[in-house]
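Please read them beside the sequence and the coordinates.

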Amino acid sequence: MRFLPSVLCMVALLASVSFAQMEPAPKVADVQLMKDSSTKELVKMDFSLPLTGVSDPGILFSHFAKRPLMIYYFSPKCPHCQKHITEVQDIMKEFEPKGLAGIAIGLGNFIKKNDIRMFIDQFHVIVPVFQDANMKFGPLYGTGYIPVLYLVLPDGTFYRYETLDEANMNHLRATLNTMFTK
């Protein structure tokens with residue numbers, strides 16, 4: 001009977017080890033490179049689109065071609081866009097020393113450039129910011145919802161993250177880690 005407490009301690013220890021091993025793995029979304037819905041061919045980002053530089057009027061979208069690029073497509077008045085900009089920008093900054101560039105593209109149409117400037121100031125946006133003033137980017141690559149995050153590979157192919165939930169962000173991080181450990 002005097003061994004009973006040590007046996008119970010051993011059982012408790014083994015049980016805690018077993019439960020720790022059973023902790024579920026983080027959810028990772030199955031995001032595929034974008035394909036044309038009719039031809040099933042991989043879609044490539046068109047860096048000749050006429051985006052308007054907001055944070056730097058002289059900067060061109062084409063400057064970011066042929067390199068790893070994260071694009072945050074947003075509206076300055078969208079609460080979800082406001083919520084996610086800090087997290088997205090933190091990821092951009094984390095991988096920038098490894099070769100990732102990051103930009104943000106604000107909606108065009110009825111959004112004023114001054115609204116985007118206020119968003120930049122309020123949320124301390126440090127990446128180059130463009131505006132889709134001619135509404136070319138959104139209809140071509142968007143989902144109809146915002147925010148949307150794109151991870152563009154050097155060959156122009158890209159992943160489109162239609163929601164910024166935990167599973168998609170885990171896929172993004174895993175993809176970035178894979179890209180920059182080669």
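**Notes on the predicted model**

1. Along the sequence the protein runs α-β-β-α-β-α-β-α-β-β-α, which amounts to five helices and six strands. Helices (H or I, at least four residues) and strands (E, at least two) are DSSP runs, numbered from the N terminus.

2. This is a predicted model, in which local features need pLDDT of at least 70 and side-chain atom pairs count only at pLDDT 80 or more, while totals for chains, interfaces and linings use all residues. Residues are numbered from 1 along each chain as its sequence is written, and side-chain values use heavy atoms, with hydrogens and water left out.

3. Of the 182 residues, 42% count as buried; buried means under 20% relative accessible area, exposed over 50%, and partly exposed in between (1.4 Å probe, protein chains only). Among contacts (heavy atoms within 4.5 Å) between residues at least 6 apart in sequence, 71% join residues at least 24 apart.

4. The largest nonpolar core holds 57 residues, of which Phe-61 and Phe-137 touch the most other members. Such a core is a set of buried Ala, Val, Leu, Ile, Met, Phe, Trp, Tyr and Cys residues joined through side-chain atoms within 4.5 Å. Leaving out residues up to four places away in sequence, the contacts of Phe-61 include Met-45, Phe-47, Leu-69, Ile-103, Phe-130 and Phe-137.

5. The largest pocket has about 160 Å³ of space. A pocket is an open set of points, on a 1 Å grid over the protein atoms alone, where a 1.4 Å probe fits, with protein on both sides within 12 Å along at least five of seven lines; lining residues have an atom within 4 Å of a point. Grid points are joined across faces, edges and corners, and the volume is the space filled by probe spheres set on the points. Helix H2 (79-95) and strand E3 (101-106) each supply at least two lining residues. The lining has seven nonpolar, two polar and three charged residues, and among them are His-63, Arg-67, Lys-93, Glu-96 and Gly-102. Here Ala, Val, Leu, Ile, Met, Phe, Trp, Tyr, Cys and Pro count as nonpolar, Asp, Glu, Lys and Arg as charged, and the others, Gly among them, as polar.

6. His-171 is found in helix H5 (residues 166-179) and is buried, at 10% relative accessible area. The side chains of His-171 and Tyr-161 are joined by a polar contact of 2.7 Å. A polar contact is a pair of N or O atoms within 3.5 Å; within protein, one must be able to donate a hydrogen and the other to accept it, and residues adjacent in sequence count only if both atoms are side-chain atoms. Beyond four places in sequence, His-171 also contacts Val-28, Ala-29, Val-31 and Tyr-159.

7. Lys-44 is in the loop between helix H1 (4-21) and strand E1 (52-53). The C-alpha atoms of Lys-44 and Phe-158 are 6.8 Å apart, although 114 residues separate the two along the chain. A polar atom of the Lys-44 side chain lies 3.3 Å from the backbone oxygen of Asp-155.

8. Most residues other than glycine have a negative phi, and most peptide bonds are trans. Ile-146 and Pro-147 are joined by a cis peptide bond, with omega about -5°. Asn-109 has a positive phi of about 60° and is exposed at 54% relative accessibility. His-124 has a positive phi of about 55° and is exposed at 62%.
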